[in-house]
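Dear colleague,

Please find below the structure that I am handing over to you. My findings follow directly after it.

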Amino acid sequence: MSTEAWFDDPLVRPYAVTGGRTRSNTLGLDLITLVVALRTPAEVDLQPEYAKALRACQQPVSVAEVSAEVDLPLQVVKIVLSDLITQGLVIFRSAAPTNEAPSQHVLQAVLDGIRRL
């Protein structure tokens, strides 16, 4: 089995990228959390997946967009981004939680707008 075949295996690769970790929820990253790099991949020595994630974060983007850009599962990207944040290479900002549901008036206006399409 060649090295390239092992790296292309979608079942083994993400597990190997994260060092066997399957969860990294200490920072509370979700799909819409915005992340932005503080450094470029050229400035630091990183594993290829970490460098790709850092490259994808050069402008503010959501965690979901990073996952799509680096072509890795969302959970793996959350772990990679958590590691980059811990290393001080990336900063993040979570969306403000909403405590109340939208008003009936707003929902009706959205529904009316959709019907007009």
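Predicted model: local features only at pLDDT ≥ 70, side-chain atom pairs only at ≥ 80, totals over all residues.

The count of salt bridges comes to 1, where a salt bridge is a side-chain nitrogen of Lys or Arg within 4 Å of a carboxyl oxygen of Asp or Glu. The pair consists of Glu 43 and Arg 39, with 3.8 Å between the closest N and O atoms. Glu 43 is partly exposed at 48% relative accessibility, and Arg 39 is partly exposed at 34%. Here buried means under 20% relative accessible area, exposed means over 50%, and partly exposed lies in between (1.4 Å probe, protein chains only).

Residues are numbered from 1 along each chain as its sequence is written, and side-chain values use heavy atoms, with hydrogens and water left out.

Overall architecture

The secondary structure comprises 6 helices and 3 strands, in the order α-α-β-α-β-α-α-β-α along the sequence. Helices (H or I, at least four residues) and strands (E, at least two) are DSSP runs, numbered from the N terminus. Of the 117 residues in the protein, 32% are buried. The protein exposes about 8000 Å², of which carbon and sulfur atoms supply 56%; accessible areas come from the Shrake-Rupley method with a 1.4 Å probe, and for residues only the protein chains shown count as cover. Among contacts (heavy atoms within 4.5 Å) between residues at least 6 apart in sequence, 66% join residues at least 24 apart.

The sheet

The 3 strands form an open sheet in the order β2-β1-β3, with antiparallel pairing. β2 (61-62) and β3 stand at the edges with a single partner strand each, so one side of each has no neighbour in the sheet. Two strands count as paired if DSSP finds at least two bridges between them. β1 is joined to β3 by 4 bridges and to β2 by 2 bridges. Ala 37 has Val 90 in β3 as its bridge partner, while Leu 34 stands opposite Ser 62 in β2.

Phe 92 lies in strand β3 (residues 90-93) and is partly exposed, with a relative accessible area of 32%. Leaving aside neighbours within four places in sequence, Phe 92 is in contact with Leu 27, Leu 29, Thr 33, Leu 34, Val 35 and Ile 85. Phe 92 and Ser 62 are 30 residues apart in sequence, with 9.2 Å between their C-alpha atoms.

The core and helix α5

The largest nonpolar core has 24 residues, and those with the most contacts inside it are Val 35, Leu 46, Leu 54, Val 66, Leu 81 and Leu 84. Such a core is a set of buried Ala, Val, Leu, Ile, Met, Phe, Trp, Tyr and Cys residues joined through side-chain atoms within 4.5 Å. At least two of its residues come from each of β1 (34-37), α3 (48-56), α4 (63-70) and α5 (74-86). α5 supplies the largest share, 6 residues.

Not counting residues up to four places away in sequence, Leu 54 touches Ala 37, Arg 39, Thr 40, Pro 41, Val 44, Leu 46, Leu 84, Leu 89 and Val 90.

α5 is mostly covered, with 10 of its 13 residues buried; among them are Val 77, Lys 78, Asp 83 and Leu 84. From first C-alpha to last, α5 reaches 18 Å, close to the expected 18 Å, the expected span being 1.5 Å times one less than the number of residues. Gly 88, which follows α5, has a positive phi near 80°.

In helix α4, Ser 67 is buried at 10% relative accessible area. Beyond its neighbours within four places in sequence, Ser 67 is in contact with Leu 72, Pro 73, Leu 74 and Val 77.

With kind regards
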